[in-house]
Amino acid sequence: MPLTFGDTLGFGANMSDKARTAIAVLLAIAALDLSSAPANAQASIFCPPDHPMLVAGNCTNPSRTEGSLGVPVLAAQSLSQTSQSITQQSNGATVDGIRKRRAQEAEPSETNSGVLMFAPQSISYQDNPLVAAPTPGFFKAGPLYADTGVHSAVWTYGFGGFERRTADFPTTFQVLEHPVEPENVAVVSNTQMWGVVSGADLTFPNMVPGGGTLITGLLTGYTTSNVDVSAISTSPTPNNPGTSSSITHIRLSGPSAGAYATVFQGPVSADLTFKADFLDINDNFFLALGCCVPPHLASGIVSGHVDNLSAIGNLNYRFLLGANAWVEPTAGFDYTYSLYDNAAQAMGLASGYVLRLQDGARLGWDFFWHGVHITPTITGLLYDDVTVTGGPIVNGAFVGGQLLPSDEGKLRGEGILAVNFDFRNGLSSFVSGAIYGGEDLFGGGGTAGLRYQW
């Protein structure tokens, strides 16, 4: 016999009409009480117990008569920019390693009897009599010889860096039956990141129409970063909202996996990389809410997870400037989609993507020193995150002018100095350093790695 609504509550099938009516009234009262809560407020893990409601980024009491800015929310929301930036820096270092791997195949070594596979890789011809010096200008000749052997290689490198973001902007605060109060918000974020990436690939000569070479491979790695965020909101009104401050330490770490392909023929080269970073988020925060005297304090540790899925592509063309110098214009894109889990969404983060476009040029020299082929390069890039979606959740609880400014549409620059060493026996290495920045951002870092081809 099917259970009735009364059976499930223990009243039995013969529950009286009065009992049914009483239960209906109680349910209606409960529903009315729930619906009377402000639609644009929700309890937040970043607010003190006595001011638990998050309304437009502000922590208020349940009646919404007093409160102040929930500044740890800003730190959590900065994770959107920070996690994507960490992945973008890792992507850039990965692509640079792939580019150097491609150059290794194009350069002379003992394994190919000192003959250049493709002439756009210039060298000091006085030290290598097996190669004739080219004519400066456009290089349009095809391969110097037909290499039909499949090559294998492995490579690994470590990278590290720092990044500083700042934001200083005005906003407003208001609780029920109180006038709008001005506030000013200042946020400083400092990030230290490091990691390792390794790859293995196969080289297929003459796989591209016209005799070009194809390299395909798999990569894996691990990335970790520490983010320290300090935020303060000040108001001329001593209380409600008053001055609030927070200190937050965030750690993002996790493994990476991906695949890549790069081709080169004569002066033209291109690469395409797919990479996924699986990052765990740990957020340790402390808050002093300035709406009352003494300030209300809150602290806690929250965690979540984000998967950053990236596609990166670049197109290059090399012009010879002489016997041992060249310039290589380059253009590319970096698309990263961030997929947050439910725990991260409770921190105020929504899944979304950032599309970065970049353009620049690389200037290089080639020479031999004690039998080692050395290639210093200087690279200058301009980049712009032309589209940014997701990130901070936009709803009644989190929306407000106090949200951190987006990176969208900000033109920034990067400079890279690198030196590659090819020992002409299948082994090569490199070191590089970079600085980058623009509006509200400054960062830098370095990489070092080894490659072996056979």
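What share of the contacts in the chain with a separation of 6 or more comes from residues 24 or more positions apart? Hi everyone, the answer is 69%, where a contact means heavy atoms within 4.5 Å.

Some housekeeping. This is a predicted model, where local features need pLDDT of at least 70 and side-chain atom pairs count only at pLDDT 80 or more, while totals for chains, interfaces and linings use all residues. Residues are numbered from 1 along each chain as its sequence is written, and side-chain values use heavy atoms, leaving out hydrogens and water.

Now the overall picture. The chain has 4 helices and 20 strands; these are DSSP runs numbered from the N terminus, helices being H or I with at least four residues and strands E with at least two. Of its 454 residues, 51% are buried, meaning under 20% relative accessible area, with exposed over 50% and partly exposed in between, using a 1.4 Å probe and protein chains only.

Let's zoom in on Asp422. You'll find Asp422 in strand S18, residues 411-422. Asp422 counts as buried because its relative accessible area is 2%. A polar atom of the Asp422 side chain lies 2.9 Å from the backbone nitrogen of Arg424. Ala103 is 319 residues away along the chain, yet the C-alpha atoms of Ala103 and Asp422 are separated by 9.8 Å.

And Val154, buried or partly exposed? Val154 sits in strand S5, residues 151-173, and counts as partly exposed because its relative accessibility is 37%.

Technical notes
Polar contact = N/O pair within 3.5 Å; in protein donor to acceptor, adjacent residues only side chain to side chain.
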